[in-house]
Amino acid sequence: IRIFSRDEKKQDDLRKKYANEKIRCLVGDVRDQSSVDRAVKGADYIFHAAALKQVPSCEFFPMEAVKTNIIGTDNVVLSAIAHNVSRVICLSTDKAVYPINAMGTSKALMEKVMVAASRNSGKTVVCGTRYGNVMASRGSVIPFFLTQADKGVVPITDVRMTRFMITLEEGVDLVWHAFEDMVGGEIYVKKIPSMKVVDIAKVIAPNADHKIVGIRPGEKLHEQMISLEDSYSTYEYSDYYKILPQIFNWDKDKNRIKDGNKVPQGFVYASDTNSEWMTKQNLQTWIDENQNYIGKL
(Lines give C-alpha, C1' and ligand atoms only; values in the text may rest on other atoms or scores of the structure.)
Protein backbone atom coordinates (compact mmCIF):
# COMPACT_ATOMS: atom_id res chain seq x y z
CA ILE A 1 0.00 0.00 0.00
CA ARG A 2 1.32 3.44 -0.94
CA ILE A 3 -0.09 6.66 0.51
CA PHE A 4 0.83 9.61 -1.68
CA SER A 5 0.60 13.20 -0.42
CA ARG A 6 2.51 16.48 -0.43
CA ASP A 7 1.70 17.00 3.26
CA GLU A 8 4.99 16.00 4.91
CA LYS A 9 3.67 16.20 8.48
CA LYS A 10 0.67 14.05 7.59
CA GLN A 11 2.95 11.45 6.04
CA ASP A 12 5.17 11.42 9.13
CA ASP A 13 2.12 10.93 11.36
CA LEU A 14 0.92 8.07 9.15
CA ARG A 15 4.32 6.38 9.27
CA LYS A 16 4.18 6.40 13.06
CA LYS A 17 0.56 5.25 13.20
CA TYR A 18 0.92 2.46 10.63
CA ALA A 19 4.37 1.07 11.27
CA ASN A 20 4.09 -1.71 8.72
CA GLU A 21 6.54 -2.67 5.99
CA LYS A 22 3.62 -3.21 3.61
CA ILE A 23 2.65 0.47 3.83
CA ARG A 24 4.79 3.17 2.23
CA CYS A 25 4.10 6.87 2.71
CA LEU A 26 5.36 8.88 -0.26
CA VAL A 27 5.77 12.65 -0.29
CA GLY A 28 4.85 14.10 -3.67
CA ASP A 29 2.49 16.35 -5.59
CA VAL A 30 -0.41 15.15 -7.71
CA ARG A 31 0.08 18.25 -9.87
CA ASP A 32 3.56 17.05 -10.91
CA GLN A 33 3.49 14.31 -13.55
CA SER A 34 6.97 13.00 -12.73
CA SER A 35 6.07 12.89 -9.04
CA VAL A 36 2.92 10.91 -9.81
CA ASP A 37 4.87 8.56 -12.09
CA ARG A 38 7.24 7.65 -9.25
CA ALA A 39 4.31 6.85 -6.97
CA VAL A 40 2.32 4.90 -9.57
CA LYS A 41 5.08 2.71 -10.99
CA GLY A 42 4.48 -0.88 -9.93
CA ALA A 43 1.02 -0.20 -8.44
CA ASP A 44 -1.93 -2.48 -9.14
CA TYR A 45 -4.81 -0.26 -7.99
CA ILE A 46 -5.27 3.47 -7.37
CA PHE A 47 -7.88 5.15 -5.17
CA HIS A 48 -7.62 8.78 -6.23
CA ALA A 49 -8.85 11.01 -3.39
CA ALA A 50 -6.47 13.95 -3.75
CA ALA A 51 -8.52 17.15 -3.99
CA LEU A 52 -9.09 20.70 -2.89
CA LYS A 53 -12.58 20.31 -1.49
CA GLN A 54 -13.40 23.32 0.69
CA VAL A 55 -15.87 25.54 -1.21
CA PRO A 56 -14.74 28.94 0.20
CA SER A 57 -11.04 28.17 -0.38
CA CYS A 58 -11.65 27.20 -3.99
CA GLU A 59 -13.74 30.35 -4.52
CA PHE A 60 -10.80 32.51 -3.49
CA PHE A 61 -8.18 30.39 -5.27
CA PRO A 62 -9.94 28.81 -8.29
CA MET A 63 -6.76 28.09 -10.23
CA GLU A 64 -5.50 26.01 -7.32
CA ALA A 65 -8.66 23.89 -7.66
CA VAL A 66 -7.99 23.55 -11.39
CA LYS A 67 -4.39 22.43 -10.82
CA THR A 68 -5.24 19.83 -8.18
CA ASN A 69 -8.70 18.58 -9.11
CA ILE A 70 -8.46 18.62 -12.91
CA ILE A 71 -4.80 18.55 -13.92
CA GLY A 72 -3.94 16.35 -10.96
CA THR A 73 -6.57 13.81 -11.97
CA ASP A 74 -5.34 13.84 -15.57
CA ASN A 75 -1.81 13.18 -14.29
CA VAL A 76 -2.99 10.24 -12.19
CA VAL A 77 -5.05 8.64 -14.96
CA LEU A 78 -2.39 9.10 -17.65
CA SER A 79 0.27 7.67 -15.37
CA ALA A 80 -1.96 4.73 -14.46
CA ILE A 81 -2.53 3.91 -18.13
CA ALA A 82 1.17 4.25 -18.95
CA HIS A 83 2.10 1.86 -16.12
CA ASN A 84 -0.71 -0.64 -16.81
CA VAL A 85 -2.42 -0.12 -13.45
CA SER A 86 -5.39 -2.48 -13.28
CA ARG A 87 -8.05 -0.22 -11.71
CA VAL A 88 -8.41 3.46 -10.88
CA ILE A 89 -11.27 4.90 -8.82
CA CYS A 90 -11.66 8.69 -8.77
CA LEU A 91 -13.62 10.20 -5.87
CA SER A 92 -15.99 13.03 -6.85
CA THR A 93 -18.67 15.04 -5.07
CA ASP A 94 -22.31 16.10 -5.28
CA LYS A 95 -21.04 19.62 -5.99
CA ALA A 96 -20.05 18.45 -9.48
CA VAL A 97 -23.79 18.41 -10.35
CA TYR A 98 -24.96 21.80 -11.65
CA PRO A 99 -21.82 23.42 -10.24
CA ILE A 100 -22.12 27.03 -9.10
CA ASN A 101 -18.72 27.21 -7.43
CA ALA A 102 -15.09 26.67 -8.40
CA MET A 103 -14.80 23.49 -6.37
CA GLY A 104 -17.84 21.91 -8.05
CA THR A 105 -16.80 23.08 -11.51
CA SER A 106 -13.33 21.58 -11.10
CA LYS A 107 -14.82 18.30 -9.89
CA ALA A 108 -17.28 18.22 -12.79
CA LEU A 109 -14.34 18.50 -15.19
CA MET A 110 -12.50 15.88 -13.16
CA GLU A 111 -15.36 13.49 -13.93
CA LYS A 112 -15.10 14.37 -17.64
CA VAL A 113 -11.36 13.62 -17.53
CA MET A 114 -12.13 10.25 -15.94
CA VAL A 115 -14.82 9.32 -18.47
CA ALA A 116 -12.75 10.46 -21.46
CA ALA A 117 -9.76 8.43 -20.26
CA SER A 118 -11.94 5.31 -20.29
CA ARG A 119 -12.08 5.42 -24.10
CA ASN A 120 -8.46 4.40 -24.66
CA SER A 121 -7.34 3.11 -21.29
CA GLY A 122 -6.06 -0.27 -22.49
CA LYS A 123 -5.69 -2.65 -19.54
CA THR A 124 -6.59 0.11 -17.07
CA VAL A 125 -10.22 0.36 -15.94
CA VAL A 126 -11.25 3.80 -14.67
CA CYS A 127 -14.47 4.80 -12.86
CA GLY A 128 -15.74 7.37 -10.36
CA THR A 129 -17.81 7.65 -7.21
CA ARG A 130 -19.92 10.64 -6.24
CA TYR A 131 -21.12 11.45 -2.73
CA GLY A 132 -21.64 14.39 -0.40
CA ASN A 133 -19.75 15.65 2.63
CA VAL A 134 -18.71 12.85 4.96
CA MET A 135 -20.28 13.27 8.40
CA ALA A 136 -17.84 14.86 10.88
CA SER A 137 -15.03 15.04 8.31
CA ARG A 138 -12.53 17.88 8.61
CA GLY A 139 -14.21 21.23 8.01
CA SER A 140 -17.73 19.79 7.96
CA VAL A 141 -20.73 21.15 9.82
CA ILE A 142 -20.92 18.68 12.72
CA PRO A 143 -17.53 19.46 14.36
CA PHE A 144 -18.14 23.14 13.58
CA PHE A 145 -21.47 23.15 15.41
CA LEU A 146 -19.89 21.28 18.33
CA THR A 147 -17.32 24.05 18.64
CA GLN A 148 -19.92 26.81 18.37
CA ALA A 149 -22.26 25.17 20.90
CA ASP A 150 -19.96 26.20 23.76
CA LYS A 151 -20.42 29.83 22.73
CA GLY A 152 -24.20 29.68 23.02
CA VAL A 153 -24.85 30.82 19.44
CA VAL A 154 -24.83 28.64 16.31
CA PRO A 155 -24.65 30.37 12.90
CA ILE A 156 -27.18 29.06 10.37
CA THR A 157 -26.81 30.00 6.73
CA ASP A 158 -30.46 29.42 5.79
CA VAL A 159 -33.27 27.60 7.64
CA ARG A 160 -34.28 25.89 4.38
CA MET A 161 -30.84 24.43 3.67
CA THR A 162 -30.56 20.63 3.31
CA ARG A 163 -27.60 18.30 2.94
CA PHE A 164 -26.98 14.62 2.16
CA MET A 165 -25.66 12.66 5.15
CA ILE A 166 -23.07 9.92 4.56
CA THR A 167 -20.77 8.24 7.05
CA LEU A 168 -17.13 7.44 6.34
CA GLU A 169 -17.97 3.72 6.38
CA GLU A 170 -20.70 4.19 3.77
CA GLY A 171 -18.32 6.15 1.55
CA VAL A 172 -15.71 3.39 1.80
CA ASP A 173 -18.34 0.72 1.07
CA LEU A 174 -19.32 2.57 -2.12
CA VAL A 175 -15.69 2.72 -3.25
CA TRP A 176 -15.20 -0.99 -2.61
CA HIS A 177 -18.37 -1.84 -4.51
CA ALA A 178 -17.24 0.27 -7.46
CA PHE A 179 -13.88 -1.49 -7.34
CA GLU A 180 -15.57 -4.87 -7.74
CA ASP A 181 -18.31 -3.85 -10.20
CA MET A 182 -16.60 -1.38 -12.56
CA VAL A 183 -16.26 -1.96 -16.31
CA GLY A 184 -15.12 1.55 -17.21
CA GLY A 185 -16.44 5.12 -17.17
CA GLU A 186 -19.21 4.62 -14.61
CA ILE A 187 -20.06 7.01 -11.77
CA TYR A 188 -21.47 5.35 -8.65
CA VAL A 189 -23.85 7.22 -6.32
CA LYS A 190 -24.74 5.86 -2.88
CA LYS A 191 -28.34 6.08 -1.64
CA ILE A 192 -28.14 8.11 1.57
CA PRO A 193 -30.51 10.19 3.71
CA SER A 194 -30.91 13.96 3.81
CA MET A 195 -31.28 16.31 6.75
CA LYS A 196 -32.03 19.98 7.31
CA VAL A 197 -28.98 21.88 8.53
CA VAL A 198 -31.10 23.61 11.16
CA ASP A 199 -32.10 20.19 12.56
CA ILE A 200 -28.43 19.19 12.76
CA ALA A 201 -27.84 22.31 14.85
CA LYS A 202 -30.77 21.46 17.12
CA VAL A 203 -29.31 18.03 17.85
CA ILE A 204 -25.75 19.20 18.47
CA ALA A 205 -26.54 22.43 20.32
CA PRO A 206 -30.12 22.17 21.63
CA ASN A 207 -29.71 25.10 24.02
CA ALA A 208 -27.88 27.46 21.67
CA ASP A 209 -29.47 30.37 19.85
CA HIS A 210 -29.50 30.39 16.03
CA LYS A 211 -28.06 33.32 14.13
CA ILE A 212 -28.98 33.49 10.43
CA VAL A 213 -25.83 34.56 8.57
CA GLY A 214 -26.75 33.90 4.93
CA ILE A 215 -25.30 31.56 2.34
CA ARG A 216 -21.51 31.69 1.90
CA PRO A 217 -19.85 32.43 -1.47
CA GLY A 218 -20.38 29.50 -3.83
CA GLU A 219 -22.65 27.61 -1.45
CA LYS A 220 -25.88 25.87 -2.54
CA LEU A 221 -29.20 25.84 -0.72
CA HIS A 222 -29.68 22.16 -1.59
CA GLU A 223 -27.38 19.52 -3.10
CA GLN A 224 -27.88 17.22 -6.07
CA MET A 225 -26.10 13.97 -6.81
CA ILE A 226 -27.96 13.03 -10.00
CA SER A 227 -29.20 15.71 -12.36
CA LEU A 228 -32.03 15.56 -14.87
CA GLU A 229 -29.42 15.22 -17.62
CA ASP A 230 -27.62 12.43 -15.74
CA SER A 231 -30.89 10.52 -15.41
CA TYR A 232 -30.98 9.70 -19.12
CA SER A 233 -28.21 7.15 -18.53
CA THR A 234 -28.73 6.32 -14.84
CA TYR A 235 -29.70 2.91 -13.46
CA GLU A 236 -30.98 2.04 -10.00
CA TYR A 237 -29.85 -0.81 -7.75
CA SER A 238 -30.73 -1.86 -4.21
CA ASP A 239 -28.59 0.69 -2.36
CA TYR A 240 -26.96 2.83 -5.05
CA TYR A 241 -27.32 4.38 -8.51
CA LYS A 242 -24.95 4.05 -11.45
CA ILE A 243 -24.51 6.75 -14.10
CA LEU A 244 -23.21 5.22 -17.31
CA PRO A 245 -21.17 7.18 -19.87
CA GLN A 246 -23.01 7.90 -23.12
CA ILE A 247 -19.89 7.63 -25.29
CA PHE A 248 -19.88 4.58 -27.59
CA ASN A 249 -23.45 3.85 -26.38
CA TRP A 250 -22.01 2.50 -23.13
CA ASP A 251 -25.22 3.59 -21.39
CA LYS A 252 -26.92 0.72 -23.24
CA ASP A 253 -24.17 -1.83 -22.58
CA LYS A 254 -25.64 -4.84 -20.77
CA ASN A 255 -22.24 -5.62 -19.28
CA ARG A 256 -22.34 -2.25 -17.51
CA ILE A 257 -26.07 -2.21 -16.73
CA LYS A 258 -26.12 -5.74 -15.27
CA ASP A 259 -29.25 -6.07 -13.09
CA GLY A 260 -30.00 -2.34 -12.89
CA ASN A 261 -33.32 -0.69 -13.67
CA LYS A 262 -33.51 2.55 -15.65
CA VAL A 263 -34.63 5.46 -13.48
CA PRO A 264 -37.92 7.17 -14.44
CA GLN A 265 -37.95 10.01 -16.94
CA GLY A 266 -37.30 13.31 -15.17
CA PHE A 267 -35.61 11.68 -12.18
CA VAL A 268 -33.46 13.96 -10.00
CA TYR A 269 -31.62 12.90 -6.83
CA ALA A 270 -31.50 15.97 -4.62
CA SER A 271 -31.18 16.57 -0.87
CA ASP A 272 -34.46 18.51 -0.60
CA THR A 273 -36.62 16.02 -2.55
CA ASN A 274 -34.96 12.87 -1.22
CA SER A 275 -37.30 10.07 -0.16
CA GLU A 276 -35.04 9.10 2.75
CA TRP A 277 -34.44 11.44 5.71
CA MET A 278 -32.27 11.13 8.79
CA THR A 279 -34.21 11.86 11.96
CA LYS A 280 -32.80 13.89 14.83
CA GLN A 281 -32.77 10.74 16.94
CA ASN A 282 -30.78 8.88 14.26
CA LEU A 283 -28.20 11.65 14.22
CA GLN A 284 -28.01 11.76 18.03
CA THR A 285 -27.42 8.01 18.15
CA TRP A 286 -24.63 8.30 15.56
CA ILE A 287 -22.99 11.14 17.48
CA ASP A 288 -23.15 9.18 20.74
CA GLU A 289 -21.47 6.21 19.04
CA ASN A 290 -18.75 8.33 17.45
CA GLN A 291 -17.85 10.86 20.14
CA ASN A 292 -14.14 10.01 20.09
CA TYR A 293 -13.99 10.18 16.31
CA ILE A 294 -15.78 13.50 15.86
CA GLY A 295 -13.95 15.88 18.19
CA LYS A 296 -14.06 19.62 17.57
CA LEU A 297 -12.45 22.01 15.14
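Which residues does lysine 107 touch, not counting residues up to four places away in sequence?

## Lysine 107

In this predicted model, lysine 107 touches Ala51, Asn69, Leu91, Ser92, Thr93 and Ala96, leaving out residues up to four places away in sequence. Lysine 107 itself is part of helix α5, which covers residues 102–117.

The lysine 107 residue is buried, yet it has no salt bridge. Glutamate 111 is the nearest side chain of opposite charge, and it is 8.0 Å away. A salt bridge requires a side-chain nitrogen of Lys or Arg within 4 Å of a carboxyl oxygen of Asp or Glu, so glutamate 111 does not qualify as a partner at 8.0 Å.

## The seven-stranded sheet

Seven strands form an open sheet with mixed pairing, in the order β3-β4-β5-β8-β13-β12-β14. The edges are β3 (45–48) and β14 (261–262). Each of these has a single partner strand, so one side of each is left without a neighbour in the sheet. Helix α4, residues 62–82, packs on the sheet and touches β3, β4 (87–93) and β5 (125–131). The direction of α4 makes about 175 degrees with that of β3.

Strands of a sheet pair through backbone hydrogen bonds, in either a parallel or an antiparallel sense. For strand β8 (residues 187–190) and strand β13 (residues 240–243), the pairing is antiparallel and runs over four bridges. Within this pair, tyrosine 188 stands opposite lysine 242 in β13.

## Alanine 201

Is alanine 201 buried or exposed? Its relative accessibility is 0%, so alanine 201 counts as buried. The residue lies in helix α8, which spans residues 197–204.

Apart from neighbours within four places in sequence, alanine 201 is in contact with Phe145, Val154, Ile156, Pro206 and His210. One of these, valine 154, is 47 residues from alanine 201 along the chain, and the C-alpha atoms of the two are separated by 7.2 Å.

## Cysteines

How many disulfides does a search of the whole structure find? The search finds zero. Cysteine 58 is accordingly in no disulfide, and the nearest cysteine sulfur, that of cysteine 90, is 17 Å away.

Cysteine 58 is buried, with a relative accessible area of 1%. Cysteine 25 has a relative accessibility of 11% and also counts as buried, because the limit for that class is under 20% relative accessible area.

How values were computed: Residues numbered from 1 in each chain as written. Predicted model: local features only at pLDDT ≥ 70, side-chain atom pairs only at ≥ 80, totals over all residues. Heavy atoms only, no water. Disulfide = S-S within 2.5 Å. Buried < 20%, exposed > 50% of the residue type's maximum accessible area, 1.4 Å probe, protein only. Pairing = 2+ DSSP bridges. Helix = DSSP H or I, 4+ residues; strand = E, 2+ residues; numbered from the N terminus. Contact = heavy atoms within 4.5 Å. Axes fitted to C-alpha atoms, helices over the stretch in contact; angles between N-to-C directions. Lys, Arg positive; Asp, Glu negative; His and termini not counted.
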